[in-house]
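Subject: Structure handover

Hello,

Here is the structure I promised to pass on. Please open it first, then read the notes below.

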Amino acid sequence: LSKYLNDSVEKLSSPPKTLDELGESLSLLEQLQTDLKVTESKFGPLHEQFAILDKYDVEIPEQTKTTLESLNGEWLTFQQCLVDSETMLKKHKEKFKTGLLHDAEEFKKTVATLLDDFVAGGPFTSSVSVSAAQEFVSTTRTQLAQLKMHEAQLRRGLAIFKIEHPPSREIQTLDKDMDSLELIWELVAEWEVSWDGWKQGRFDELATDAMEMSAQGMLKRCIRLARELKEKAWEILDHLRGRIEQFKRTMPLIQALKNPAMRDRHWSQLKQEVQKPFDQTGEDFTLEKIIELGLDQFGDAIMEISGAASKELSIEQALSGIKEMWEGLELDIGPYKDRGHFRLKGTDEIFQSLEDNQITLSTMKASRYVKAFEVEVDHWERTLSHILECIEIILTVQRQWMYLENIFIGEDIRKQLRSEERF
C-alpha cells in the first residue's frame, strides 16, 4: 500500500512534457480518483491486523513499524497530490490543447499546399519523362506518409480533450489520385519498354501474335483507367491510349509485311511504290526503320501487294504439286503372255490426274494473279497435252497389236507369211 501511494505521487507530481505523457497522467489521475474509496478502505483492516500482532507480542521488524507509522502521512500526501495534480494537469491540458489546435490549423495548411502543388505540378502530361514522373510519385508518397503519421498523432492528442478530428478528405483524395497516377505511369513505363523492344528488333523475328496480345491487354487497362478518371482530364492518359491505338492500327500492316508469301518480286514492287531503297533481309530492317521509311503511309498498297502474294502463293503451291506428282509418277507396265512382250496396264488414274491438272491450269490462267507464272503454266499445259497424246498413242498401238495378234497367230496364216512377217 505504501509503495502504491508513493509511486502514484511520484508519477502524478511529474509535469507532462508530451501529449502521450499528458494522456497517461490524466488516465492515471482519473483511475486513482475512482479508486480513492477502495484505497481508503484498506487502512482500517491493516491497522487492526497490526494491533492484534501487538497484543500477542508478535515481534515486528523495525522497518515495517516505520512504514506503518508513516502510512497515514503518506495517505494525506497522496490525497493532496491528487488535488494539486488535477490543478497542474488542467493548466498543462490547456497549454497542450492550444498547441494542438494551432498544430491542427498548420496541418490543414500543409495539406492544402501539398494538394495545390500536386494539382499545379503533377505529371499529368506526356511532356514529362517516365523517370521524372516516377520520382514525383515517390516523393509525394513519402510526404503523404509523413502527413498521415502527423494526422494520427493529432487525432490521438485531440481525443484527450474530447475533440473530434475527422480524417482529412484532402489526404484521402490525394492518396486516391496518387494510386491512379502510379498505375498510369507504370502502364506508360511498360509500354515504353515493350515499344523499345519491338522497334529495335529485327523485323523478320517479330512475334506479331504476342505483340498484338500485349498491346490489347495494355489498351484494356488504359481504357479502364480512362473510364474511372474521366473527370480528371489527364492528358498523359489520352496520349498513351492514342499511341497504343495507333500501334494496333499498324498491326495489320506489320502482319501484311511479314506475310510468308512475300517474294523478292513483291518487295521490289513495294520499293517502286514508295520510291525508297531498303534491304528487307538486313539487320537494320526493324519496325523503327519501317516507320522511318514511312511505309505506314502506304498501307493500302502494302495490303494489296501482300494480298496478291497470298493468291500467287496458292498458284505457286499448285504448280509445285503438279510438278512433284508427274516427276514421281510410274507407269504400270507388265509382261504380256510370257512371250517377252510388255503392255501398259491401268491408266484410269493417269487420265483422272491429267483431267484434274488441266482444269487446275485452266483456272490458273483465268486468274489475274497468274502473270508471274505464265511461262510455267504454259509449259505444264504443253507437257500434259504431250503426255496425254503419248499415252493415247501407246494405248492405240497396244490395242491394234493385240487385235492383229489374234489374227496372225493362227497356224494357217503363219504358213502363208514370210518369216520376217510372223508374230
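Charges first. The protein carries 54 positive and 76 negative side chains. The centres of these two sets lie 3 Å apart. Keep in mind that this is a predicted model.

Next, the overall fold. The secondary structure comes to 15 helices and two strands. The radius of gyration is 52 Å, while the globule rule gives 22 Å for 423 residues, so the protein is more spread out than a compact globule. Its C-alpha trace spans about 175 × 65 × 35 Å along the principal axes.

Then contacts and surface. Take the contacts in the protein with a separation of 6 or more: residues 24 or more positions apart account for 75% of them. Of the 423 residues, 33% count as buried.

Asp179 sits in helix 7, which covers residues 169–200. How does Asp179 count by relative accessibility: buried, partly exposed or exposed? Its relative accessibility is 39%, so Asp179 counts as partly exposed. That value falls between the 20% cut-off for buried and the 50% cut-off for exposed.

Asp179 and Ala133 are 46 residues apart in sequence. In space, they are 13 Å apart, C-alpha to C-alpha.

That is the handover.

Best wishes

Terms used: Residues numbered from 1 in each chain as written. Predicted model: local features only at pLDDT ≥ 70, side-chain atom pairs only at ≥ 80, totals over all residues. Heavy atoms only, no water. Helix = DSSP H or I, 4+ residues; strand = E, 2+ residues; numbered from the N terminus. Rg over C-alpha atoms; globule rule 2.2 N^0.38 Å. Buried < 20%, exposed > 50% of the residue type's maximum accessible area, 1.4 Å probe, protein only. Contact = heavy atoms within 4.5 Å. Lys, Arg positive; Asp, Glu negative; His and termini not counted. Charge placed at Lys NZ, Arg CZ, Asp CG, Glu CD.
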